[in-house]
Amino acid sequence: MDPQTGPYLNKRALCSPLGAARMCQLALGCAVIALIAHGAGYSGSHGEFCMAAWCFCFSMTVVIFFLDATRLYSCLPISWDNFTVTCAAFATLMYVTASVVYPLFFVRSECPYEGCHVRDFRIAVTVCSILGSVSYGAEVALCRAKPGQAVVGYMATVSGLLKVVQGFVACIIFGALANRSEYSRYEATIYCVAVYSFCFALTAVVVLLTVCGRTKSVLCMSFERFVVVCTLLEVLLYLSASVVWPVFCFDSKYGTPERPYHCARGKCPWDSKLVVAVFSFVNFILYGADLMYSQTMRFVSTRFPTAPRV
């Protein structure tokens with residue numbers, strides 16, 4: 001329906017499966033923040049990350065719901081479908097991570113010194129966070145391009161969703177690199193950091209071009225071909241980094257094959273190196289799957305906001 005001729009408020013923002021999913025996101029996000037503020041609490045870098053993730057996702061959902069309900073998204077120079085599914089996929093990953101990190105560091109079977117009510121609040125936060133992950137995942141499933149369906153937005157495809165996951169995994173790698181990883185000891189490990197940074201930037205460019213609706217042509221080639229070229233380059237670069245990083249971190253000639261027994265938890269360079277090595281391989285697999293899928297990808301490009309899916 002044309003936003004200029006229809007009702008001012010979009011009934012589908014509430015009376016639809018997608019609207020119901022977003023209402024659940026708002027309710028659960030509000031519950032998590034209220035429980036944290038009321039008695040569950042948080043502390044340290046892990047608690048700050050979880051709280052930042054929940055607050056960011058809640059704020060983002062409020063903005064999206066408001067723009068969708070008032071149809072004001074039609075005034076924005078972006079592809080609305082691509083923007084919303086990207087945000088939903090990112091929020092899903094943030095909520096899943098927080099749902100693992102928070103109980104791992106703050107929930108214990110025995111009552112803490114603050115009292116059993118604090119433990120109960122923290123368990124409730126974990127449950128609400130898990131349900132929030134499900135609600136954001138439901139939005140992704142509702143917006144995802146179905147087989148045989150005319151695909152309007154690249155981010156609604158498997159390849160587009162993989163781009164969000166790749167960027168999220170890269171952020172995990174950067175976090176590990178910043179945590180005493182000692183990556184500057186060798187030129188080879190510095191090269192790996194350059195690979196991670198370049199691939200992350202390239203992935204971000206693809207996502208930004210899609211959200212801005214500039215998917216007709218890029219650098220004198222179709223957008224689909226541009227995505228394939230970028231993904232192939234990223235696969236090759238990540239393949240090299242996935243081999244070079246473990247050699248220069250865990251081979252006895254350059255590093256330590258086994259974890260030093262005197263390393264403190266959370267402050268051990270060996271742990272950070274292991275995280276980088278594991279997630280380098282994970283991202284290599286993700287880029288490989290992305291390359292295989294994007295070979296047959298075809299979609300209808302648009303620069304204008306489109307109506308939200310029911």
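Which backbone oxygen does the side chain of Ser181 reach? Select Ser181 in this predicted model, in the loop between helix H5 (158-178) and helix H6 (187-211), where helices are DSSP runs of H or I with at least four residues, strands are runs of E with at least two, and both are numbered from the N terminus. The side chain of Ser181 reaches the backbone oxygen of Leu177 at 2.6 Å. Ser181 is buried, with a relative accessible area of 2%, buried meaning under 20% with a 1.4 Å probe and protein chains only. Leaving aside neighbours within four places in sequence, show Ala176, Ser272 and Lys273, which are in contact with Ser181 (heavy atoms within 4.5 Å).

Residues are numbered from 1 along each chain as its sequence is written. Local features need pLDDT of at least 70 and side-chain atom pairs pLDDT 80 or more, while totals for chains, interfaces and linings use all residues, and side-chain values use heavy atoms, with hydrogens and water left out.

Next, colour the chain by element: the protein chain has eight helices and two strands, in the order α-α-α-α-α-α-β-β-α-α.

Then select Ile36, Trp54, Tyr102, Val125, Phe223 and Phe226, which touch the most other members of the 49-residue largest nonpolar core, a core being a set of buried Ala, Val, Leu, Ile, Met, Phe, Trp, Tyr and Cys residues joined through side-chain atoms within 4.5 Å. H3 gives the most to this core, with 13 residues. A second, separate core of 27 residues includes Val195, Val235, Tyr238 and Phe250.

Notes: Buried means under 20% relative accessible area, exposed over 50%, partly exposed in between (1.4 Å probe, protein chains only). A polar contact is a pair of N or O atoms within 3.5 Å; within protein, one must be able to donate a hydrogen and the other to accept it, and residues adjacent in sequence count only if both atoms are side-chain atoms.
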